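These questions go through selected features of one model. Look over the sequence and coordinates before reading on.

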Amino acid sequence: ASSASALLRLLLSQRWMVSPTLMRVKQSELLGCVRGTSAALVIGDLAINNRHRYRASIDLSSAWYEWTRLPFVYSVWAARRDVISRDQCLKLNELFHKATRAREALASYYPDELTISPQQSEGHVSEVMKYYLDSECIAGLEEFFKRASRAQIVPRGRYISARYNINPGV
């Protein structure tokens, strides 16, 4: 399951104390399912382009923050030491830093695909998104895994945070 769907399931059951029936639908049918008492989890460009289409919407990461006062981490690049070589790590570092340096330009590269201005898109990738796991992000990850495993949304187990991260100096 994606991090967004796991977060939604956790918020529904533990924060809002509701247990709606959840089902998968094709992305092409997703927005058509939103009517009456039916809702949808919409992410990415589809969410951005339809944010004003419905009477109500909830930003899941904001709901998580209001509940825990911690950020929610949607994705992480990770590999075990025995799986990635030093050369591969250096190449990933190089690509990561090249992408972060170009993020504002990349955010406004496809203006016809988003219903927000290039400035809003650039602001999102430069001011809202974080690109490094700091102590607050790691605390958010740990809290999520603790709560989600207790709620049986993710497998029970010992989740440990990374001992090192991509080197910002490469």
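Q: Is Arg69 buried or exposed?
A: Buried means under 20% relative accessible area, exposed means over 50%, and partly exposed lies in between (1.4 Å probe, protein chains only). Arg69 has a relative accessible area of 51%, so this residue is exposed.

Q: What pLDDT do local features need in this model?
A: Residues are numbered from 1 along each chain as its sequence is written, and side-chain values use heavy atoms, leaving out hydrogens and water. The model is predicted: side-chain atom pairs count only at pLDDT 80 or more, totals for chains, interfaces and linings use all residues, and local features need pLDDT of at least 70.

Q: What is the phi of Arg69?
A: Arg69 sits in the loop between H4 and H5; helices (H or I, at least four residues) and strands (E, at least two) are DSSP runs, numbered from the N terminus. Although Arg69 is not a glycine, its phi is positive, at about 65 degrees.

Q: Is Gln152 buried or exposed?
A: Gln152 belongs to the segment after H8. Its phi is positive, near 60 degrees, in a residue other than glycine. With 64% relative accessibility, Gln152 counts as exposed.

Q: Which helices are included in what covers the buried residues of H1?
A: Helix H1 spans residues 3–15, and its buried residues are Ala4, Ser5, Ala6, Leu7, Leu8, Leu10, Leu11 and Leu12. What covers these buried residues includes helix H4 (60–68) and helix H8 (135–150).

Q: Why do H1 and H4 count as oblique?
A: Two packed helices are described by the angle between their axes and the distance between the axes. Axes are lines fitted to C-alpha atoms, for helices over the stretch in contact, and angles run from 0 to 180 degrees between N-to-C directions. Angles under 35 degrees count as roughly parallel, over 145 as roughly antiparallel, 65 to 115 as roughly perpendicular and the rest as oblique. H1 and H4 have axes 10 Å apart and an angle of about 45 degrees, and are therefore oblique.

Q: How many residues of the contact of H1 with H4 are nonpolar, polar and charged?
A: With contact meaning heavy atoms within 4.5 Å, H1 residues Ala4, Leu7, Leu8, Leu10, Leu11, Gln14 and Arg15 meet Leu60, Ser61, Ala63, Trp64, Glu66 and Trp67 of H4. Ala, Val, Leu, Ile, Met, Phe, Trp, Tyr, Cys and Pro count as nonpolar, Asp, Glu, Lys and Arg as charged, and the others, Gly among them, as polar. The division is nine nonpolar, two polar and two charged.

Q: How far apart are the closest N and O atoms of Lys91 and Glu94?
A: A salt bridge is a side-chain nitrogen of Lys or Arg within 4 Å of a carboxyl oxygen of Asp or Glu, and the whole structure has three. Lys91 and Glu94 are three residues apart in helix H5 (residues 86–101), so about one helical turn separates them. Lys91 is partly exposed at 44%, as is Glu94 at 45%. Their salt bridge has its closest N and O atoms at 3.7 Å.
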